[in-house]
Amino acid sequence: MNIKLLKMKVLGDERGKLVSLEANKNVPFEIKRVYYIFDTLPEEDRGKHAHVNLEQLIIAIDGSCEFILDDGKEKQNIVLNRPDIGLYIGKNIWREMKNFSYGAKLMVLASDYYDEKEYIRSYDEFLKICKEK
Ligand code: T46
């Protein structure tokens, strides 16, 4: 499955900690967009889609959230709960997000601008595309 957990270098001193994210260095693509998700309650699920070409790196800046990732052949569950770990998701991976902790904040770096046409929001269509590849 084209996903990876990336450990980010933490720079820290007595004042606290800092993580730097740089395109094509510790972020494995050119960054064109950054968005963040907050105020999602534990009973709310998000995601439930794949992307045709988009690559993303997702970091739980605060709190935790569970990802269910699916490439049409296998499924993997990953809990993001550290601000120094990034979840890289390559193209054409179905993702669902659930079990947000109260106050969880996810920061997402994306390889392209927002484009609703690039979303695959039907699971049947996603499976069809996987079979064609
Ligand atoms: C993903 C997961 C991790 C925009 O207008 N611009 C944006 O950049 C984004 C990301 C969303 N939107 C609009 C589209 C919807 O009307 O904001 C609304 C909520 O988006 P969505 O339902 O897609 O949110 P999530 O949390 O289900 O999924 C998001 C990303 O869309 C998606 O790419 O991989 O986070």
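1. Some ground rules. This is a predicted model, where local features need pLDDT of at least 70, side-chain atom pairs count only at pLDDT 80 or more, and totals for chains, interfaces and linings use all residues. Residues are numbered from 1 along each chain as its sequence is written, and side-chain values use heavy atoms, with hydrogens and water left out.

2. The sheet. Strand 7 (residues 65-70) runs antiparallel to strand 10, joined by 5 bridges; pairing takes at least two DSSP bridges.

3. The ligand's shell. There are 14 residues around the ligand (a heavy atom within 4 Å), and Arg33, Arg46, His51, Gln56 and Tyr119 are the closest. Strand 5 gives the largest share, 4 residues.

4. Polar contacts (N or O pairs within 3.5 Å). Ligand oxygen atoms lie 3.3 Å from a side-chain N or O atom of tyrosine 35, 2.6 Å from a polar side-chain atom of arginine 46, and 2.5 Å from one of tyrosine 119. On its own the ligand has 650 Å² of accessible area (Shrake-Rupley, 1.4 Å probe), and the protein covers 69% of that.

Terms used. Polar contact = N/O pair within 3.5 Å; in protein donor to acceptor, adjacent residues only side chain to side chain. Helix = DSSP H or I, 4+ residues; strand = E, 2+ residues; numbered from the N terminus.
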